[in-house]
Every structure is written in C-alpha cells, then in structure tokens.
Amino acid sequence: MPLQQWRSLERKALAHLIQRWRTGFVHQALFPPICILCGSRGDGLDLCAGCRADLPWNKTACPRCGKALSIATLCDSCQQHSPFYDRIVTAFVYQAPVDHLLRTLKFHDRLAHARLLGELLAGCLATRADPLPEMVIPMPLHHTRLRARGYSQAMELARPLARRLGLPIVSGVCHRVRATTAQTSLDMRARRDNVRGAFAVTGRDRIVGRRVAIVDDVVTTGQTVNELARVLCQAGAREVEVWAVARTPQ
Ligand SMILES: [Zn+2]
Ligand SMILES: [Zn+2]
C-alpha cells in the first residue's frame with residue numbers, strides 16, 4: 001500500500017478515536033452515573049462507593065461450585081460428586097439488594113441492571129491470575145420464553161462482561177430444546193430429572209477443544225448449569241466454567 005494511503009488511514013483512525021473520546025466525555029458530563037440504590041453520584045458505574053461496599057459479595061466460597069462458605073474449601077457435595085463444570089464463579093450471594101436487581105432485570109425489563117451487574121462480575125474476573133476462557137456462552141432460553149420476555153437476561157449480562165474482558169460472545173451453538181418447570185418448586189432429584197435433555201449443541205465445530213464460560217444470572221443448586229456443561233463437554237469443549245452474578249445461600 002502506498003505511504004500516502006497509509007497516512008490517510010492513520011489520520012482517519014486517529015480522528016475516529018478523538019471523536020469517540022469526545023462523545024464519551026460529553027455523555028459523562030451530561031449524564032453522570034447515578035447510584036441505582038440510593039440516588040447519590042455513582043463511582044464510575046451506576047453505583048456509589050458506599051452501596052458497592054455494602055453489597056453481599058461472595059468472598060469465600062467452594063472453589064468448584066461457588067457455594068458460600070465460611071472458608072474457601074471444597075464443599076462436602078463437591079468432594080462426593082464431581083460436577084461436569086470446572087468451576088462456578090459468582091460475584092454475590094443471592095441476597096438483598098442483588099436478588100431484587102436480578103428479579104427486576106428478569107421480570108420487569110430493567111436492562112440497566114444487567115449492565116451494572118455484568119460490569120461488577122467482570123471486575124471480579126478481570127484480576128484473576130488464571131487465564132480466562134476463550135469465549136462466553138449465555139445460558140440459552142427456550143424460544144417460547146424468549147418470545148414472551150423479548151430478551152435474554154443472560155445475553156444482557158454477557159454483553160458488558162464480554163466487552164470488559166475482551167472475549168467473544170458465542171450464541172447459537174447450544175439451545176434449550178425443552179421448556180423446563182421452574183427449578184425452585186422441585187426437590188434435588190426432581191431438579192436433576194427436570195433439566196436432563198434440556199439442551200442440545202448444534203455448533204460443535206466452534207467449541208471442540210475450546211475453553212468456554214457459561215454466563216447466567218443466578219445459580220441455585222447448579223443442576224441446570226451442570227446439565228449444560230455436560231452437553232458442552234460431550235460435544236468436545238475442553239473446559240467449562242460458569243460465571244453467574246449470584247449464588248443462592250445453602
Ligand atoms: Zn448508593
Ligand atoms: Zn462445592
């Protein structure tokens with residue numbers, strides 16, 4: 001390519017960067033972040049430093065299933081049965097106000113909550129020493145539920161998370177082929193049976209030999225993510241992690 005053409009391209013790229021910076025600066029000045037919990041000025045996000053510190057962070061948990069414990073050690077359940085996923089990482093214990101933020105995201109279209117919670121979860125993952133997986137896969141919704149809701153909360157959470165971590169979102173490689181009953185109404189055994197065969201992988205070539213992270217809003221017993229992890233491993237994924245905003249206390 002001639003030198004002049006290179007210079008023209010460089011000038012365009014620089015102008016584009018300056019434009020993005022100015023737009024971001026103006027947007028920040030006109031619409032400063034406001035804490036969605038108390039209405040004070042946000043600290044970079046839509047959350048103030050005080051409310052951020054008070055959130056129910058899942059600080060010590062089982063390194064495998066993410067269950068909140070008083071010390072970070074393999075829990076009894078993981079010692080007895082190895083799940084198909086390699087680990088579950090969650091930012092919070094499913095308690096106030098995170099439970100409310102997730103419920104209103106899921107059932108009342110509060111998509112701004114996904115941006116905030118996705119950023120907070122990304123913050124927990126960005127500092128870790130281990131290499132990150134190669135892609136994120138939002139937990140698939142059954143098409144009837146997707147049609148009724150109009151959006152997938154897992155996809156909404158995956159967007160800011162993937163952007164911050166510089167990972168691609170890979171959707172459409174696995175599907176929920178069976179609408180399942182809400183897990184909360186079932187006991188442990190019934191939960192496992194309820195999700196058995198709920199997922200199918202159609203994009204096998206994109207995950208064979210790859211390290212993937214499933215993104216979900218909340219993990220309760222882990223049966224649903226474990227079933228998806230089983231199907232992904234069966235299709236050839238090398239490692240499956242689960243990243244969720246919160247885990248219910250057990
Ligand atoms: Zn606040
Ligand atoms: Zn465990």
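Predicted model: local features only at pLDDT ≥ 70, side-chain atom pairs only at ≥ 80, totals over all residues.
**The whole chain**

Begin with the entire chain displayed as a cartoon. It has 250 residues, of which 44% count as buried. The fold comprises 9 helices and 6 strands. Among contacts in the chain with a separation of 6 or more, 70% are between residues 24 or more positions apart.

**The zinc ion (ligand 1)**

Select the zinc ion (ligand 1) together with Cys35, Cys38, Cys48 and Cys51. The SG atoms of these four residues coordinate the ion at 2.3 to 2.4 Å. Along the sequence, the donor residues are spaced C-x2-C-x9-C-x2-C. The pair Cys35 and Cys51 links distant parts of the chain, the two being 16 residues apart. Cys35 belongs to the loop between helix H1 (3–30) and H2, whereas Cys51 is in helix H2 itself. Cys35 counts as buried, at 3% relative accessibility. Cys51 is also buried, and its relative accessible area is 17%.

**The zinc ion (ligand 2)**

Next, select the zinc ion (ligand 2) with Cys62, Cys65, Cys75 and Cys78. Each of these residues contributes its SG atom as a donor, lying 2.3 Å from the ion. The spacing of the donors along the chain is C-x2-C-x9-C-x2-C. Here the pair that links distant parts of the chain is Cys65 and Cys78, 13 residues apart. Cys65 lies in the loop between helix H2 (49–54) and helix H3 (76–80), and Cys78 lies in helix H3. Both cysteines are buried, Cys65 with a relative accessible area of 3% and Cys78 with one of 7%. What arrangement do the 4 donor atoms around the zinc ion (ligand 2) form? Their angles run from 105 to 115 degrees, so the arrangement is tetrahedral. For reference, the ideal angle for four tetrahedral donors is 109.5 degrees.

**Helix H4**

Move to helix H4, residues 98–107. Its buried residues are Val98, Asp99, Leu101, Leu102, Thr104 and Leu105. Which elements do the buried residues of H4 pack against? Display strand S1 (87–93), H5, helix H7 (153–165), strand S5 (211–219) and strand S6 (239–247), which are their packing partners. Asp109 follows H4 and has a positive phi, near 60 degrees.

**Arg128**

Finally, select Arg128, in the loop between helix H5 (111–126) and strand S2 (135–138). Is Arg128 buried or exposed? Its relative accessible area is 18%, and residues under 20% count as buried, so Arg128 is buried. Two backbone oxygens lie beside polar atoms of the Arg128 side chain: that of Asp130 at 3.3 Å and that of Pro131 at 2.9 Å.

How values were computed
Residues numbered from 1 in each chain as written. Chains lettered and ligands numbered in written order. Heavy atoms only, no water. Donors = N, O, S within 2.8 Å, 3.2 Å for Na, K, Ca; no water. Tetrahedral: all angles 85-135°; square planar, octahedral: opposite > 155°, others 65-115°. Helix = DSSP H or I, 4+ residues; strand = E, 2+ residues; numbered from the N terminus. Buried < 20%, exposed > 50% of the residue type's maximum accessible area, 1.4 Å probe, protein only. Polar contact = N/O pair within 3.5 Å; in protein donor to acceptor, adjacent residues only side chain to side chain. Contact = heavy atoms within 4.5 Å.
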